[in-house]
Structure formats: C-alpha cells, structure tokens
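Try each task before reading its solution.

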Amino acid sequence: MKKTYVRLAATAAMLVSAATSAYADSLTLYCAADEAWCQQIKTTFEEKTGITVDMTRKSSGETYAQLRAEAGNPKGDVWWGGTGDPHLQAAEEGLTEEYTSPMRGELHDWAIKQAEAANNKTIGVYSGALGFGYNKDLLAKSNLPEPKCWADLTKPEYKGHIQMANPNSSGTAYTMLATMVQLMGEDKGFEYLKALHANINQYTKSGSAPIKAAGLGETTIGIVFMHDAVTQTAAGFPVVTVAPCEGTGYEIGSMSLIKGARNPEAAKQFYDWALTAEMQSRAKDVKQFQLPSNKNATASELSPDLSTIKLIDYDFKKYGSSAERKRLLQKWDTEVSTLPQ
C-alpha cells in the first residue's frame with residue numbers, strides 16, 4: 001500500500017511539473033498594431049524562444065476595454081502596441097504592472113518619458129505623427145482640390161469623402177480628438193470636430209481602416225497616423241500622405257505587462273526582447289513605417305521624418321489620464337456623434 005502511494009505521489013508530481021513547464025512556455029499577447037506586424041512578432045518570438053504565443057489583434061480602445069473586463073481574472077500577459085494614451089489610463093487604473101527592463105538604456109528619451117509618466121507601468125516602443133492621406137485618383141475624378149490642412153477637411157466640397165475611426169474604439173481617433181483640443185483649444189476644437197462630422201461618411205472601429213479604404217477606392221480621404229498612409233503607398237495604392245499645415249499631434253506606441261498575468265516570466269522575456277534593436281528593425285520588413293524606440297534600430301527610408309513635421313507639445317500625461325479621456329469621449333459622444341450628417 002505504501003509503495004502504491006509513493007508511485008501515485010511521484011506520478012502526480014511529474015504531472016504537476018509537466019503542467020507547470022507547459023504553462024511557463026506559453027504567452028498570451030494582446031497586439032494593437034497592424035495584423036501583419038502582430039503576426040511577425042508572434043512568429044519571430046516563438047522561433048527565438050520556443051515559447052508558444054497566443055496572439056489576439058484588436059485596436060487600442062478595444063484592448064483597454066478587454067483589460068478592464070478581465071481585471072478580476074486576467075487572460076492576457078502582455079499588451080504590445082497601440083497608442084500610448086490608453087496604456088497610460090490602464091496604468092493609472094492599476095491594470096498593468098511596474099517593470100524596469102534592462103534594455104531601457106538603449107531607448108530614446110521619448111520612450112522613457114512615457115514610462116516615467118506611468119510610474120514604469122508602460123514604455124514606448126514606436127512613435128508616429130497624426131495626419132491624413134488621400135486617394136489621388138479619386139480626388140482627380142471628383143475634381144477636388146488637394147487638402148493640405150486640417151481646415152481644408154471641413155470644406156463643403158469634401159462632404160461624404162472622409163473617413164476616420166471612432167475615438168471610443170480607436171487610439172488613432174482619440175489622438176485626433178485630443179490633438180484638436182490641444183491645437184485649437186477645447187471650444188474651437190469641438191467646433192472643428194462638429195464641422196468635420198458633416199463630411200464624414202463612416203466612423204470605423206480600427207484606426208488604420210480609413211486609409212485602407214482610401215487605398216481601395218472606397219473613400220477619398222482617411223484620417224490616420226501618417227505611417228499608415230505610407231504603408232498603403234508602399235503597397236502600390238495611389239495614396240498621398242499629408243502632414244497638416246497647422247501642426248499635429250503624435251503617438252507613442254506603447255507596451256505594458258498585464259497585472260496578474262498567468263505567465264509573468266515569459267511576459268518579461270517578451271518585453272525585453274520587444275525593446276531590442278533587432279526586433280524593432282524588422283518592422284520595415286512587413287511595411288510598417290513607425291519610428292522605433294531603440295536608438296540602434298533601423299527604420300525604413302520611407303518612414304515620415306518627425307523633424308520635418310510641425311508637432312504640437314502633446315500632453316500625454318493629461319490626455320492619457322482616465323478622467324480626461326472619459327470626459328472627452330463622453331463629450332464627443334454627446335456633442336459630435338449625435339449630430340446629423
């Protein structure tokens with residue numbers, strides 16, 4: 001009887017050990033960037049480490065909402081990519097974990113400032129400026145002038161020709177909302193958004209969807225981050241990228257460790273790897289044109305040069321705060337989205 005018990009105990013220990021090993025060799029990744037980039041990241045990390053990655057791709061706003069919904073029983077380990085504002089909000093609400101990576105010394109100052117704004121609960125992985133792009137063939141077909149400024153997009157001749165995402169689901173569109181408030185002041189910024197609303201043909205869920213639609217000829221103009229417009233041009237579509245003449249906001253695409261993650265060690269291993277120059281230099285291979293946060297990473301020659309773009313002094317801490325973000329989104333829902341078109 002005693003021998004049987006010992007054998008059963010040993011078998012149970014082996015099973016527990018095997019289960020623990022399998023558990024440690026997996027990672028659940030929430031990716032809020034382009035699908036092709038997310039797939040590249042998943043595959044490359046698996047090949048490099050042997051860790052199996054269960055990857056889900058959603059927009060920034062959707063991922064933040066998922067973290068809130070799962071707060072009592074977290075399913076994810078790492079949130080990679082997407083605009084920094086919802087990452088900052090998640091940090092403020094205690095949805096993400098503090099972590100200081102040994103790779104930190106290789107990063108640009110703007111990436112570290114993002115971390116400092118969140119008490120090291122997030123960090124910058126790339127950056128890109130907000131703007132818009134247009135389909136030059138559709139523009140010519142409709143005999144429309146080339147838009148060069150934010151103000152141009154509210155002109156009556158562009159009615160029904162513009163797409164942007166919904167700021168409730170899209171980090172890109174929330175950056176647009178926060179940019180207008182900072183660029184023009186809140187009252188004038190919302191007046192602008194109301195005037196723009198009259199020309200919008202669709203609010204999409206994803207931030208990159210408007211420029212993809214422009215590339216396919218489904219809309220004339222898409223409001224997006226400029227690097228997403230460049231992606232369409234590089235893919236052979238007749239898209240022209242515009243840096244608005246008045247100035248514009250920008251994003252710091254971020255990464256966060258999810259609080260209560262089931263695979264914390266694998267998550268930290270991914271986090272450190274995602275900050276390496278080697279990993280970040282691969283973005284151009286899948287036609288992603290953001291600027292990497294690692295100083296030693298190489299970006300594509302097609303990536304927009306932020307030094308040539310008139311950027312506002314975007315207040316990430318304020319507009320990434322939970323209270324301000326909720327207030328602005330509620331105001332947009334009440335004052336803009338309900339207006340007739």
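**Exercise 1.** Does glutamate 324 count as buried, partly exposed or exposed, and at what relative accessibility?

*Solution.* The model is predicted: local features need pLDDT of at least 70, side-chain atom pairs count only at pLDDT 80 or more, and totals for chains, interfaces and linings use all residues. Residues are numbered from 1 along each chain as its sequence is written, and side-chain values use heavy atoms, leaving out hydrogens and water.

- Step 1: Recall that buried means under 20% relative accessible area, exposed over 50%, and partly exposed in between (1.4 Å probe, protein chains only).
- Step 2: Glutamate 324 has 12% relative accessibility, so this residue counts as buried.

**Exercise 2.** Which side chain meets that of glutamate 324 in a salt bridge at 2.9 Å?

*Solution.* 

- Step 1: A salt bridge is a side-chain nitrogen of Lys or Arg within 4 Å of a carboxyl oxygen of Asp or Glu.
- Step 2: The partner is arginine 327, at 2.9 Å from N to O.
- Step 3: Both residues sit in helix H14 (residues 322–335), three residues apart, about one turn of the helix. Helices are DSSP runs (H or I, at least four residues), as are strands (E, at least two), numbered from the N terminus.
- Step 4: Arginine 327 is partly exposed, at 34%.
- Step 5: Widen the view: a network of salt bridges links Glu186, Glu324, Arg327 and Lys331.
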